[in-house]
Amino acid sequence: MTAVKNTQITIDYTFKTTDGVLLGDSDKNGPFSFILGRGDVVPGLDSRLEGASVGDDLNFVIPADEAYGERREDLVFTVPLERFEGFEGLEPGVRVQSTIGGRPAELTVTEIGDDDVTLDANHPLAGQDIEFTVKVTSVEEVPEHLLNQDQGCGCGGGGCGCGGHGH
């Protein structure tokens, strides 16, 4: 069977930045299954697996705009430090939950000044091309009643999922 929109595909995978930083793999996280074409993964992974069959070994680079998006400087902003009063463990690199434009968002603390905190709403992998090595282990039809259920996001918990692009 060939992977087409609305079929469930299961892959063994490794994904990393193009400079070799390992982001996740099925050796650690187990195989990853998702419904193709539904937006459960980054668009570039969806499109590159369409037409694949069981046993296919694939290696490809997904450009940033098809992965976690280009980095946007308008998503970096400063807020008064007093907004974090009582927040323990505030330091650069910490991820905090907030609301932007009425939607929940996860922000990264990038700097802490004397009076303010700089936050970055970009996905941590924004602006980076991502390299995938994939082996297709299963392609299955999905019953119609399951197509509208939320399957979640990601690559087996390895972080290649949701990040603002409907992945």
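Below are two exercises, each with a worked solution.

Before you start, note that this is a predicted model, where local features need pLDDT of at least 70, side-chain atom pairs count only at pLDDT 80 or more, and totals for chains, interfaces and linings use all residues. Residues are numbered from 1 along each chain as its sequence is written, and side-chain values use heavy atoms, with hydrogens and water left out.

**Exercise 1.** Classify the aromatic pair of Phe60 and Phe132.

*Solution.* 
Step 1: Recall that rings of Phe, Tyr and Trp (its six-membered ring) pair if their centres lie within 6.5 Å; planes under 30 degrees apart count as stacked, over 60 as edge-to-face and the rest as tilted.
Step 2: For Phe60 and Phe132, the centres are 5.9 Å apart and the planes 25 degrees apart, and the pair is stacked.
Step 3: Check burial (buried is under 20% relative accessible area, exposed over 50%, partly exposed in between, with a 1.4 Å probe and protein chains only). Phe60 is buried at 11%, and Phe132 is buried at 2%.

**Exercise 2.** Describe the salt bridge between Glu66 and Arg48.

*Solution.* 
Step 1: Use the rule that a side-chain nitrogen of Lys or Arg lies within 4 Å of a carboxyl oxygen of Asp or Glu.
Step 2: In the salt bridge of Glu66 with Arg48, the closest N and O atoms are 2.7 Å apart.
Step 3: Glu66 is partly exposed at 25% relative accessible area, and Arg48 is partly exposed at 28%.
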